[in-house]
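Please open the structure in your viewer and keep the selection tool at hand. We will go from stop to stop, and at each one you will learn what to pick and what is there.

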Amino acid sequence: MTALQERPEQADRHDRGLSETDTERQSYLRAGHSLGSWFFTRDHKRIAILYLFAITAFFMIGGAAAALMRLDLLTSAGDLLTNEGYNRAFTIHGVIMVWFFLIPSIPNTFGNFLVPLMIGARDLAFPRLNLLSWYIFVLAGGFTLFVLIAGGVDTGWTFYTPLSSMFSHGNVVLAAVAVFIAGFSSILTGLNFIVTVHKLRCPGMTWDRLPLFVWAIYATSLILVLATPVLSITLVLIAAERLFGLGIFDPKLGGDPLLYQHLFWFYSHPAVYIMVLPALGVVSELVAAAARKPVFGYKFVAGSSIAIAVIGFFVWGHHMFVAGQSMYASAVFSFLSLAVAVPSGIKVYNWAATLYKGHISLDPPFLYGMTFIGLFVVGGLTGLMLAMLAVDVHVHDTYFVVAHFHYIMVGGTVSAFFGALHYWWPKIVGRTYPLVWGRLAAIFIFLGFNLTFFPQFLLGYLGMPRRYHVYAPEFQMLHVLSSAGASLLGLAYLMPLVYLTWSMRYGAPAGDNPWDATGLEWTTPSPPPKHNFDEIPVVDRPPYDYEIEMEGEDG
Amino acid sequence: MQKTVSFVFVWFALVLLLAATVTASFMLKGPAGLAVSLGIAFGKSGLIYWHYMHLNEEEGLQRIAALGAGAWLLILFAFVCADYLTR
Ligand code: HEM
Ligand SMILES: [Cu+2]
């Protein structure tokens, strides 16, 4: 066998040969080609890729449901879907996007791929458990698809009682089973990350040298482990009431429907932080790499992840202001909700301070990072508006709420997901992609997103309720704008699929450290070999140890 | 060997407590029944924590960490009660 040499000219994009570099031949991607080598792998990097495929599929299914809804909402009459069909569309959209895309998105793909690389380990603490959690996830996803084929559910992703326990005709129990199973996957993943971060850090990788992404994944894992069981039990209670007439939520049997909301939001408010904390971690990495400076206030940024995880457990009642909760409880929850904004604010200010006078390059990862910061700020500030007891009475259950959480979960987390994809893609596949296309996609995503969701703030403020497809004609203009934006956004999301796939074959080899960034993951070859490090590294310097070169100093 | 014996012993204790729960549910009604069955459940989970989850073999820090989950549940109970009692 003739040994292939490294390509002589890395920047030569005209060389479109199929040549594999030496590093590629030794990488995890070539360590076995059979299906079995993928489906029974215990390599965290391959499991990350398995997750990437799974969640991409769910993102598309959830997106298709959204496209149906936006199409239906073009006119004020409900002429595309039936009432029942519309209810089922938004339920499946929510269930899939929350549990089968957002929650696993960053932790299970980039967390899986990067945490061992970033802390200088050869794998996660429990590699078999890691693979098992993928299979559990796929099983749960299979259940969800079955629910979809069997006719769907109409309760919304929140499964509120008494609708879900007494009146709904859909497949409530089946859908609850699907989410229940997915919960086990979350718990196992969280457990795995916690043990890994505690036990497998390489020599010198002290807690105050951990990359901020690892801090964020660690905080997320705490929430996953502590909150998910409550959701699982709650769903079991719904099933028990529907199937056996157990009196938990039904007042006739001595239950209380509001108890459901307490239990559900005790999980689900922390769960919104499961969705956004990993994104905050990604953005800290993107900002540091773009500014080429040490992160301003490293300890505060790391600590704020933990603070968010903890305080996030004390605010759930802000979802129940108009549900009949005690006025005093509402006042307390309103106040506590304001407190949770503080650590998020710390992060945003510290990013700004990190960027200040930095030597900023406008590469695609940074554009996605900026997209995140802008949209997250709008989403977070409108969250504060909603947390004001008096304001929420006016806008509760309107499109204002829909816009609020989409700014954070889509504008924020999904943008950070794409940012991570563009930043670590050269590490994952070993090839570079065309930067121009990366920039264009980022810009289209930003524009498409705002066109889709900004009108929804206005709609909600004017009184358009959420979860209706028949509406007063004066709202039509804003709905049309929103649907137009959604088409742009949908196309923009498809763009990376094309050029990233293209790059796997035709992109130039990336080299170990294409962004010239700090961090152990960049000391490995791209793509990394199966066991990550030939020798376990030793860390002897602080994180983000960039040599500071200020703007303007070198002319 | 001694470990196995104690596991079997704990299992018997759990079965006995289960029988007690069932009996109590037939004999007692209302708040008294609730209090008794919650008390029994508390004892059962204590046994499981201590023996089956091996906390009797662990050091202080691990025991405290295990209590953390209980502390988290207290948040849930405290705030839900705060709502119910002031409605
Ligand atoms: C940081 C990440 C956040 C995410 C991912 C997020 C997500 C969500 C979601 C999904 C909902 C709607 C739930 C539903 O009814 O279906 C929601 C509602 C709400 N959010 Fe956020 N949120 C975030 C931050 C915040 C913050 C920082 C606050 C305030 C401090 C806040 C306050 C609220 C309030 C009060 C509601 C309820 C509005 C209503 O139903 O009337 N959120 N959020
Ligand atoms: Cu919330």
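The tour below visits the metal sites, then the contact between the chains, and ends with some backbone details.

Before you start, keep in mind that this is a predicted model.

**Stop 1: the iron atom of ligand 1**

Select ligand 1 and center the view on its iron atom. Which protein residue is the donor here? Pick His404(A): its NE2 atom, at 2.1 Å, is the only protein donor of the iron atom of ligand 1. If you color chain A by helix, you will find His404(A) in helix H14, which covers residues 399–429.

**Stop 2: the shell around ligand 1**

Now show the residues around ligand 1, of which there are 22. Those that come nearest are Ser337(A), Asp392(A), His396(A), His404(A) and Arg466(A). Two of these also have polar side-chain atoms to look at beside oxygen atoms of ligand 1: for Asp392(A) the distance is 2.5 Å, and for Arg466(A) it is 2.8 Å. Color the shell by residue type and you get 14 nonpolar residues, six polar ones and two charged ones.

**Stop 3: the copper ion**

Next, select ligand 2, the copper ion. What separation do you get between the copper ion and the iron atom of ligand 1? The distance is 4.4 Å. Three histidines coordinate the copper ion at 1.9 to 2.0 Å: His269(A) through ND1, and His318(A) and His319(A) each through NE2. Along the sequence, these donor residues follow the spacing H-x48-H-H. Why does the pair His269(A) and His318(A) tie together separate parts of the chain? His269(A) belongs to helix H9 of chain A, while His318(A) sits in the loop between helix H10 (298–311) and H11, so the pair links parts that are 49 residues apart in sequence.

**Stop 4: the annotated span of chain A**

Zoom out and select residues 38–540 of chain A. An unreviewed UniProt entry places the feature "domain: Cytochrome oxidase subunit I profile" on this span.

**Stop 5**

Turn to chain B and select residues 34–52 and 64–85, which an unreviewed UniProt entry gives as "transmembrane region". Residues 34–52 are 100% helix, with 26 Å between the end C-alpha atoms. Residues 64–85 are also 100% helix, and here the end C-alpha atoms are 30 Å apart.

Then show where the chains meet. The contact takes 20 residues from chain A and 10 from chain B. The buried area between them is about 1,400 Å², and carbon and sulfur atoms give 77% of it. Highlight Trp72(B), Leu76(B) and Phe79(B): together they supply 45% of the area that chain B buries against chain A, more than any other three residues.

**Stop 6: backbone details in chain A**

Most residues other than glycine have a negative phi, and most peptide bonds are trans. With that in mind, go to Thr161(A) and Pro162(A), which are joined by a cis peptide bond with omega about 0 degrees. Pro162(A) is in the loop between helix H5 (127–149) and helix H6 (163–167).

Another cis peptide bond runs from Ser526(A) to Pro527(A), with omega near -15 degrees. You will find Pro527(A) in the segment after helix H16 (476–506). Finish at Tyr544(A), also in the segment after H16, where phi is near 55 degrees, a positive value in a residue other than glycine.

Notes:
Residues numbered from 1 in each chain as written. Chains lettered and ligands numbered in written order. Predicted model: local features only at pLDDT ≥ 70, side-chain atom pairs only at ≥ 80, totals over all residues. Heavy atoms only, no water. Donors = N, O, S within 2.8 Å, 3.2 Å for Na, K, Ca; no water. Helix = DSSP H or I, 4+ residues; strand = E, 2+ residues; numbered from the N terminus. Near = heavy atom within 4 Å. Polar contact = N/O pair within 3.5 Å; in protein donor to acceptor, adjacent residues only side chain to side chain. Nonpolar A, V, L, I, M, F, W, Y, C, P; charged D, E, K, R; others polar. UniProt positions renumbered as here; feature names shortened; annotations may be inferred. Contact = heavy atoms within 4.5 Å. Buried area = accessible area lost by both parts, 1.4 Å probe.
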